[in-house]
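Please read them alongside the coordinates.

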Amino acid sequence: MLNRTAENVARATPEPLARKVRGISDKGLAWLFISPTILLLLAINIFPLFWAIYLSFTNYRANRPNEVVKNLGFANYQRILGDKDIWLAMQTTAHFVFWTILLQTLIGFTLAWLIDRKFRGHAFWTTLILVPMMLSPAVVGNFWRFLYEPQIGLFAYAISFVTRIPPTDIQMLSNVSLAPWSIIIVDTWMWTPYVMLICLAGLRSIPEYIYEAAEVDRASNWRQFWSITLPMALPFIMLAVLFRGIENFKMFDMVNLLTGGGPGSTTEVASITLKRQAFESWRTGYSSAFAIILFVAVFGLANIYVKALNKVKQR
Amino acid sequence: MKSRLKLALGLTSAITASTAVSNVAHAEDLTLCWAAWDPANALVELSKDFTKETGIGMKFEFVPWTNYADRFLNELNSHGKLCDLIIGDSQWIGGAAENGHYVKLNDFFDKEKISMDDFVPATVVGYSEWPKNTPNYWALPAMGDVVGWTYRKDWFSKPELQKEFKEKYGWDLGPPTTFDQLKQVAEFFQKREIDGKTVYGASIYTERGSEGITMGAMDVLYSHGFQYENPKKPYEMEGFVNSDKSVKGLEFYKALYDCCTPPGASNSYMGEGVDAFKSGQVAMHMNFAFTWPGLQKDENVGGDKIGYFVNPKGPDGEQFAQLGGQGISVVSYSDKQEAALKYIKWFANKDVQAKWWSLGGYSCLNAVVKDPAFPASQPYAQTFLDSMAIVKDFWAEPSYAPLLQASQKRFHDYVVAGQGSAKDALDGLVKDWTQVFQDDGKM
């Protein structure tokens with residue numbers, strides 16, 4: 001049937017075109033098929049990247065199209081690396097990335113381990129746990145803002161119920177010490193299921209006979225966990241950490257919706273600073289340089305991490 | 001076959017003709033860009049008269065305040081043709097004039113005998129002129145606005161509260177005339193039980209993302225003696241922006257935020273302020289005058305329950321208020337500039353301006369606001385007039401955006417996050433603003 005269809009298509013192809021196609025090598029044909037994708041990638045990814053690199057050496061401002069564009073050399077880069085506020089934003093980002101990854105990995109792995117026990121109703125609980133991940137970050141940001149509201153928010157009332165502190169004193173988004181944690185809590189709530197899913201895949205990939213052999217050797221549960229479960233699931237955990245690390249390094253939506261970077265600059269992560277420089281202060285050249293620095297940082301760290309991941313996998 | 005061909009040809013002609021007719025009908029339609037807020041709805045209503053008179057249809061592109069600057073500055077910077085007319089914020093005037101986004105209106109005003117002397121002087125300087133205080137006009141003053149205060153007249157007039165207040169502070173509870181009085185009133189109401197509900201002193205601007213905290217803090221700083229620059233030497237800011245008086249002003253704003261705002265009000269601007277007042281949370285409410293018609297009509301807090309007062313005096317008796325509002329301009333990239341200018345000519349007309357005020361817009365025309373009947377025309381009309389007489393505005397330089405971002409950060413870091421001192425914040429602001437002007441080659 002398939003052969004007949006192919007024959008029909010071949011017969012229907014006009015002779016001049018058929019002759020041309022016959023003359024193309026397999027490699028040529030492969031290039032022909034992937035060239036639209038490559039062109040698209042060049043247009044929307046590679047060209048803007050090189051354009052941003054070019055802009056990063058200039059004083060260009062998108063809101064001053066008539067102004068002469070001057071070449072500044074590395075001045076933008078020097079200014080960024082010497083800017084106290086930029087370093088503060090990087091520290092805030094690092095703090096946020098560290099705590100979200102730590103909490104999501106610990107809770108995510110624990111949940112995966114529990115779900116893997118296959119208790120009664122585990123499918124229902126798995127689905128329920130996955131719900132936050134399926135929501136849009138815009139929706140999550142907005143409803144958590146209401147939950148955190150000190151006068152009407154459920155979160156403040158719940159904490160108040162437990163601690164007996166008046167709810168109006170629990171100002172998660174206004175308090176300098178609590179605001180970073182308010183974002184960490186929401187991000188952890190939303191993305192722990194994602195880490196859990198990856199860890200669950202890792203746990204399910206461990207062959208049952210290894211545990212049976214360990215049982216025969218009278219290895220305790222604790223010993224089995226440390227010697228079998230954790231080492232064999234580690235590549236998956238590391239993969240989850242990589243994905244979440246990259247995602248959280250460029251976190252914007254949740255921070256913007258919950259605190260807008262405030263109070264003051266307490267939760268101003270690098271992406272918020274970048275947006276402010278690029279689209280509020282209109283320092284296009286300066287912000288391009290900052291974007292390149294962030295890109296290099298993420299790219300470099302991710303590369304180091306992937307090498308470590310490969311080593312773990314080879315063990 | 002023939003009949004089918006005829007039918008097909010007939011349909012094609014009909015479709016072509018209808019498209020052509022509709023194109024003719026809409027060829028001169030103008031698009032007016034502005035913020036999505038109550039006055040914009042009033043303008044839609046008002047503009048129906050323009051369409052009736054001229055046959056030119058009006059379309060509107062309204063964007064919420066939070067995205068207003070981003071959206072329309074992007075449009076102007078990309079030389080977009082979406083807007084034929086734009087009601088742009090007062091701070092945009094420098095950039096829009098220098099970058100050629102707006103059509104210069106001097107020749108048009110001369111030709112049509114539209115005199116800027118017919119408009120409230122502060123609005124001409126604030127919304128139309130660039131460079132400031134020179135007769136170079138880029139907009140017609142369209143919507144006067146200024147920061148002022150509303151208060152709960154019904155709470156202020158409760159005898160038991162009046163008695164308690166008098167005993168505590170030694171003066172009659174009423175709309176404050178100085179900032180010290182304002183703080184006393186705010187403290188008095190903070191966390192007080194009124195009608196079985198806990199209420200708070202005041203709602204003030206604390207928003208971080210766009211311009212909120214700057215508009216609020218400046219409202220207080222001006223009356224404490226803050227100046228943007230040396231009046232004799234432009235761009236010299238040291239000792240003016242960070243003078244001792246300015247430091248006191250900023251300390252006052254922080255003290256007001258710390259003592260007397262509702263819990264969680266760390267990111268409040270116009271909308272949040274209106275919500276706080278309408279929901280009966282606060283005794284006083286700082287906001288632009290455009291919010292007043294809506295509040296006046298509100299069933300729960302409007303009518304006899306609401307009062308208005310001008311921004312109070314500072315410690316040395318100085319009294320200023322932050323200017324808001326906008327002028328209407330013709331976008332230089334529009335293909336319909338002739339029709340757009342017709343709209344501006346129509347809008348400058350006295351009768352149209354009078355109707356604009358009656359619909360809820362704030363006219364800037366002297367003939368309207370100096371009419372003897374004006375102060376009594378609305379309960380807030382006199383406060384609006386008094387406030388417009390004492391306005392000051394933020395930088396309107398082409399670099400207003402980075403200037404604004406710097407003040408947003410410095411003020412929020414100090415007032416809301418409590419980092420550093422007021423002196424640190426203002427010293428830092430001088431440093432940031434100096435850098436911006438150096439980048440611009442102005443220093």
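How many residues of domain 1 of chain B are in contact with domain 2 of chain B?

1. Basis. This is a predicted model, in which local features need pLDDT of at least 70 and side-chain atom pairs count only at pLDDT 80 or more, while totals for chains, interfaces and linings use all residues. Residues are numbered from 1 along each chain as its sequence is written, and chains are lettered from A and ligands numbered from 1 in the order in which they are written.

2. Domains within chain B. On the question above, 20 residues of domain 1 of chain B are in contact with 19 residues of domain 2 of chain B (contact: C-beta atoms, placed from the backbone, within 7 Å). Elements giving two or more residues to the domain 1 side include helix 2 (38-54), helix 3 (65-77) and helix 18 (381-388) of chain B; helices (H or I, at least four residues) and strands (E, at least two) are DSSP runs, numbered from the N terminus. Helix 18 of chain B supplies the largest share of that side, 4 residues. By class, the side has 10 nonpolar, 7 polar and 3 charged residues (nonpolar: Ala, Val, Leu, Ile, Met, Phe, Trp, Tyr, Cys and Pro; charged: Asp, Glu, Lys and Arg; polar: the others, Gly among them).

3. Domain bounds. Domain 1 of chain B covers 28-144 + 325-392 and domain 2 covers 147-322 + 399-439, with bounds from an automatic or database domain assignment. Their C-alpha centres are 27 Å apart.

4. Chain A. The assignment gives domain 1 (17-55) and domain 2 (77-314), with 37 Å between their C-alpha centres.

5. Contact between chains. Chain A contributes 26 residues and chain B 22 residues. The chain A side divides into 8 nonpolar, 13 polar and 5 charged residues.

Key
Two residues are in contact if their C-beta atoms, placed from the backbone, lie within 7 Å.
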